[in-house]
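Let's take a friendly walk through a protein chain together. Keep the sequence and the 3D view at hand as you read.

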Amino acid sequence: MTAYQRQIAEWWSQFLRRATLSIPQWFPKTAIFNSPQEAAMAFPYLQQPSFLLASLKTDSINKPFAQRCQDLVKVIEDFPAKELHAIFPWLVESIFGSLDGILIGWNLRCLQGRVSPVEYSIAMEFLDPGGPMMKLVYKLQAEDYKFDFPVFYLPGPVKASIQERVLPDSPLYHNKVQFPATGGLGLNLALNPFEYYMFFFALSLITQKPLPGALHVRTSDCAYFILVDRYLSWFLPTEGNVLPLLSSSPGGPSPSAAPRTPAMPFASYGLHHTSLLKRHISHQTSVNADPASHEIWRSETLLQVFVEMWLHHYSLEMYQKMQSPHAKESFTPTEEHVLVVRLLLKHLHAFSNSLKPEQVSPSAHSHATSPLEEFKRAAIPRFVQQKLYLFLQHCFGHWPLDASFRAVLEMWLSYLQPWRYAPEKQAQSSDGQARCVAERWAPFVQENLLMYTKLFVGFLSRALRTDLVSPKNALMVFRVAKVFAQPNLAEMIQKGEQLFLEPELVIPHRQHRLFTATTFTGSLSSWPPAVTDTSFKVKSHVYSLEGQDCKYTPMFGPEVRTLVLRLAQLITQAKQTAKSISDQCGESTAGRPFLSWLGFYPSDTNSSYPANDLDEMGQDSVRKTDEYLEKALEYLCQMFRLNEAQLTQLTLTMGTTQDENGKKQLPDCIVGEDGLILTPLGRYQIINGLRRFEIEYQGDSELQPIRSYEIAGLVRLLFRLSSTINHRFADQMAALCSRADFLGSFCRYHLMEPGLTSRHLLSPVGQGRSAVCARGPRLSLRFLGSYRTLLSLLLAFFVASLFCIGPLPCALLLVLGYFLYAMAMTLLTERGKLHQL
């Protein structure tokens, strides 16, 4: 930029600022709005012209990314909130994209530091919790501005509830719903700047569709994933209190105005708890002396927004409807979505477990307890548990049966192990055994009983339908078995089931979804007394997640034990299948003649096993699969106390033994009138490649279908030529093959198909019948129609030309070499026949 252009730019910037400051004089608010409150709640940039907004929109098209961010930083620092609130909705949308997914914004989900280091560092600095964008949010927050957010883009259950005039049970939506006036376009939420920013940030994970080139982007390296981690660490700290607001105005931010009351009353379907958020952002008469009490609403808002936008896509009623096979799936999470939720759960465990031991005990609940400490206790059971359970239930039932389920699995296992994220890590035992789960985690296990038991049964049903020969599927079974086999965990789960199944002496009348042990009423200081009845807590948990009419299946009952035995049998089968595939690959490679690599040996077109990822990954993959399955079987035996005799008997009963050739037996069948009929187990074995019928071509080898590695025209021409020769010289070839000398053996080796008379029909019905074969000696030239044969001959001629050997001498050498090879094979074949006599 030249000096003249720089002067013009500075002059234009000053002109825009003066013009923007004079807007209120040109367009007084009284001429447009009925009240100042209505003007503050509306989108200002739709009500009055903003030269600042127009200038920034023009710069977003003409200027590079770095220059635009520098200009935004200067605008945020120099301009007052009165001008900044007009550009705020546009700026948020330009960063995170539009709610309909058409505008992608800065595309934070694909922005990586190793690919675009300059843009990445600028974006992360601008959106950092202590960066310029948050300064803008706090600047507007101090002036009590409101921004409309369309209800249409909220998650399905929330949108349906609000449209039916039913207030959602989350306090995040209380006193925010704005009904449109006559002729209005739709329902809106009146959000403060912090809520508006977080709504867009959280929803961009779902509304923004990944670009075609973003399939190979590693989620943990992208800017969005790292920003989520930074926001969680900033607003949900594991040490100390929430950091103070970064307000540029003197005196700090003022409290937000009271939320407006909806024009039409709601009929609520659940208990309405007075939330921490409502307490701290509303005008209240009492003020807590603890500074954290004034800022805890940001932590609660962040958590509620993340949970609502990422997990609240399924309600209890919707989940019950989705059990129908004809139900249409309303929302499908992605693998990236699941990975971000897992990050949230891991941080929540660290956040909740950061309480000191004296703060965890019920006696520590006093008026001196800070709001942040109370929030740590309530974060998971109050805001996360139910929505996460329904989210996981949907994923377990609808996720594809492939290796991508590993993301859902790890998210589930992360939630089940809060002790992994506790400040005091338990040391592993000296003999390498898994560390024992301490008794202090028993309440968590019991109050999350369905997370352990119901979802474990769901995983069993998935594992029984997957191909356990695959190393990735074997790894998932191993991971689940290893987690549940941790010492003392199974005992805790059993204790929780016993508490739930205890008979209730007196059960007061309870309505649906009102059987909850945790009720937030009033302020945080008036925390309800702790429920001492542990059985009541477990029942409360189950009924609140599954409803009063739930039918509970004990994890250590006979039904689940039968599923575990089936899984153990399939693990044994998968181990044998992996070994058979490995042995077959080794035999086919070692037993192949040398000339087969040059195309002079027929290819094996009758493979016993289908293609599997073991074939692509080799012997190391077979070793890993066997190791995963062996350890998984060991852990399952520990959990359910299975002995070796049970496994052996089950294996023999289901027919998993091998025959004398090391091949798998036929799939599980029953004998019917028309032959063998597959059982459901037999169909499963065929679908997953565990067993299969031995299918082999037993017709005329000259009449086999033309393969993809053969030249169709050349094969047909060679067939006609060989048929003519065989027809004309049939008697002479028969006479030569009947001779008892070396010439007869040489001719039989080339003109007779090996093992033709020893073939048997392999049909399951009528096994043992010999195939009737009356074919005599004949010449076959089909091998010359293979691409591999012709390529090998061309390669031989090319190598010969390098040594100054012409085509004719090279051909004579190839013929001579083949005759020597054929003579040697003839002698070996005759010697082998003598040994068999």
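## A proline in a loop

Pro-129 sits in the loop that runs between helices α8 (117-127) and α9 (132-141). Helices (H or I, at least four residues) and strands (E, at least two) are DSSP runs, numbered from the N terminus. This is a predicted model, in which local features need pLDDT of at least 70 and side-chain atom pairs count only at pLDDT 80 or more, while totals for chains, interfaces and linings use all residues. Residues are numbered from 1 along each chain as its sequence is written, and side-chain values use heavy atoms, with hydrogens and water left out.

Is Pro-129 buried or exposed? With a relative accessible area of 2%, Pro-129 is buried. Here buried means under 20% relative accessible area, exposed means over 50%, and partly exposed is in between (1.4 Å probe, protein chains only). The C-alpha atoms of Pro-129 and Leu-227 are separated by 8.6 Å, although the two residues are 98 apart along the chain.

## The chain as a whole

The protein chain has 34 helices and 5 strands. Of its 837 residues, 44% are buried. Contact means heavy atoms within 4.5 Å. Among contacts between residues at least 6 apart in sequence, 78% join residues at least 24 apart.

## A sheet and its helix

Strands of a sheet pair through backbone hydrogen bonds, either parallel or antiparallel. In this model, an open sheet of 3 strands has the order β1-β3-β2, with antiparallel pairing. β1 (147-150) and β2 (177-178) each have a single partner strand, so they stand at the edges and one side of each is left without a neighbour in the sheet.

Two strands count as paired if DSSP finds at least two bridges between them. β2 and β3 (residues 188-191) pair in the antiparallel sense over 2 bridges, and Gln-178 stands opposite Asn-188 in β3. Helix α11 (residues 193-207) packs on the sheet, where it touches β1 and β3. The direction of α11 makes about 30° with that of β1; axes are lines fitted to C-alpha atoms, for helices over the stretch in contact, and angles run from 0 to 180 degrees between N-to-C directions.

## A methionine in a helix

Now look at helix α34 (residues 807-836). Met-823 lies in helix α34. How does Met-823 count, and why? Met-823 counts as partly exposed because its relative accessibility is 36%.
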